[in-house]
Amino acid sequence: MDLTRDVNSDPRRVLPSVDRLSRQLRGQRPDLPRWAVTEGARRVVAEARARLAPSVTGAPPTSLPSPEGQDATDWLQRAAAEAEQLAMPHPRRVINATGVVLHTNLGRAPMAPGAAAAAAAAAVGYSNLEFDVATGRRGNRLGSLEHKLQLLSGSEAALACNNNAAAVFLALNTLAAGREVIVSRGELVEIGGSFRVPEIMRRAGVKLVEIGSTNRTHARDYEQAIGPDTALLLKVHRSNFELKGFVKEVELQELVEIGRTRGVPVMEDLGSATLIDLQDHGFPPESFAPARVRLGPDLVCFSGDKLMGGPQAGIALGRQELVAAMRSNPLARALRLDKMTLAALDWTLSRLLEGDAARDLPIIRQLLMPIDELEARTRSLAERLEALAAAGSPGVKFRLERDRVPVGGGSLPGFELETVVLSLRHSRSAGELAMRLRTATVPVLSRTRDEAVLLDLRTVQDDEVDSIVQAVSESLR
Ligand SMILES: *Cc1c(COP(=O)(O)O)cnc(C)c1O
């Protein structure tokens, strides 16, 4: 035992008390919520205590400010910063100036204000969600929505659930549990996070039968794999990558033929699709869900919040018998839409039926934004920023440039939109400037290329431009 060491030298003695720290901070910052102040103080002290604990490497503990006198401010500042972080709402608004319309990390498709208002109205009041006001009896929660989906797509039946992963899972579990599902090795994709086709299939209780090779799958591969236990032929859209070179896949039309001849249902997971035809604007044909339905598969499914431009949802279109079986699967309840999403989706489908999508859905407006309009908006931002720089931050250079940008969100791999960007060059590195924009009062997300920060107004709404000016001004300081 080290007798020379008296108790007073225990470095943990310099830690302030959580109670005292939070009391002081409450006095200083009445704007911060009490719970966040207490938790902020607790975290700061706990973290300091952990740093002071004798380390396994035997390295001396880091020294800390004392809780008294001059150093007290330091403790208060740290606790305040922690409390501010804690009190911040999540998610909070950020400005997407990347030009990537379906940005997975930024919440994919922004909802139309009308859809959001419908969701809010459903949320704050009672509604006839499952009530028939004419008969006074229990009503159908999804009937109206599904009817609209049928009208838009021409499918025999439709179903909407929590998201596309849920739609795929429900379909597999309903149509093929305990049996075999045939998929090409070129389509065993990972969409991101935990959605991997083989994994989803295992969890849905189906047996995966892989066919073909990574780059080539032929009709005969499907035909040879079909056996008495085959429940489904599954086609999965390669949403986030392309196969190029010596490749071969079996198109949906041909797969439908095979399924018909052999009496096996065919399903396509489209991932991302629209309910209005954008082919005239250069979009690939498989992005238009009704055209896929017309090719005759038994089921197709896709996301509500990718190219469709609605709220998060999964949409399945297909034959009456299969959709009815999916509806009566007990899992359907676990994967169902909540009333807010339902209201937002219903609003979106109504707009699509009225043919107003290009005007009413932000995603469609952004995708189809004429290059002249984009250029004029970008020029006007450039002028504002130039005036700002002239006033206080010389040495920053702005330039309008043409560029190309992917649609994002695991949609249309290889397809890019022509776009206009405002490039910012500064003595600070592009990485540093981009970081400063991200951490501005209202965070602005940009792209960087060749030591320039690129701002793309395609994904920025007019009422967000002020926030960009503000963020640039903050980051040039
Ligand atoms: C995006 C995607 C999914 C998952 O859809 P969510 O709506 O995110 O659940 C499934 N399959 C494919 C092919 C996709 O692109």
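**A ligand site and the strands around it**

Trainee: How far is an oxygen atom of the ligand from a polar backbone atom of Ala-165?

Mentor: Please keep in mind that what stands above is a predicted model. An oxygen atom of the ligand is 3.0 Å from a polar backbone atom of Asn-164, and 2.6 Å from an N or O atom in the side chain of Arg-108. For the polar backbone atom of Ala-165, the distance to a ligand oxygen is 2.8 Å.

Trainee: What share of the area that the ligand exposes when taken alone does the protein bury?

Mentor: An oxygen atom of the ligand is placed 2.8 Å from a polar backbone atom of Ala-165. Taken alone, the ligand exposes 380 Å². Of that area, the share buried by the protein is 94%.

Trainee: Which residues are the closest among those that surround the ligand?

Mentor: The ligand is surrounded by 13 residues, and by class this shell has three nonpolar, seven polar and three charged residues. Helix α6 (164–176) and strand β10 (266–271) each supply at least two residues of the shell. The closest of the surrounding residues are Arg-108, Ser-239, Asp-269, Ser-303 and Lys-306.

Trainee: In β10, which residue is the bridge partner of Leu-233?

Mentor: Strand β10, which supplies at least two residues of the shell around the ligand, is joined to β9 by four bridges, and the two strands run parallel. One of the residue pairs to look for involves Leu-233, whose bridge partner in β10 is Val-266.

Trainee: In β9, what is the bridge partner of Val-181?

Mentor: Strand β9, residues 230–236, is mostly covered, since seven of its seven residues are buried. Three bridges join β9 to strand β5 (residues 180–184), and these strands run parallel. Within β9, the residue that is the bridge partner of Val-181 is Leu-232.

Trainee: Which residue of β12 is the bridge partner of Ser-303?

Mentor: Strand β4 (residues 157–161) pairs with β12 in the antiparallel sense over five bridges, and there Ala-157 stands opposite Gly-318. Strand β11 (residues 299–303) also pairs with β12 in the antiparallel sense over five bridges. Ser-303, which is among the residues closest to the ligand, has as its bridge partner in β12 the residue Gly-314.

Trainee: Is Ser-287 buried or exposed?

Mentor: Ser-287 is found in the loop between β10 and α10 (289–294), where a polar atom of its side chain lies 2.6 Å from the backbone oxygen of Pro-284. Because the relative accessible area of Ser-287 is 3%, and the cut-off is under 20%, this serine counts as buried.

Trainee: What is the relative accessibility of Leu-412?

Mentor: Leu-412 has its place in the loop between β13 (397–406) and β14 (416–425), and its phi is near 50 degrees, a positive value in a residue other than glycine. Leu-412 counts as buried, with a relative accessibility of 6%.

Trainee: Where is Glu-451, which has a positive phi although it is not a glycine?

Mentor: The phi of Glu-451 is about 60 degrees. To find this residue, look in the loop between β16 (447–449) and β17 (452–455).

Trainee: Which residue does a cis peptide bond join to His-90?

Mentor: At this bond omega is about 0 degrees.

Terms used. Residues are numbered from 1 along each chain as its sequence is written. This is a predicted model: local features need pLDDT of at least 70, side-chain atom pairs count only at pLDDT 80 or more; totals for chains, interfaces and linings use all residues. Side-chain values use heavy atoms; hydrogens and water are left out. A residue is near a molecule or strand if one of its heavy atoms lies within 4 Å of it. A polar contact is a pair of N or O atoms within 3.5 Å; within protein, one must be able to donate a hydrogen and the other to accept it, and residues adjacent in sequence count only if both atoms are side-chain atoms. Accessible areas come from the Shrake-Rupley method with a 1.4 Å probe; for residues, only the protein chains shown count as cover. Ala, Val, Leu, Ile, Met, Phe, Trp, Tyr, Cys and Pro count as nonpolar, Asp, Glu, Lys and Arg as charged, and the others, Gly among them, as polar. Buried means under 20% relative accessible area, exposed over 50%, partly exposed in between (1.4 Å probe, protein chains only). Two strands pair if DSSP finds at least two bridges between them.
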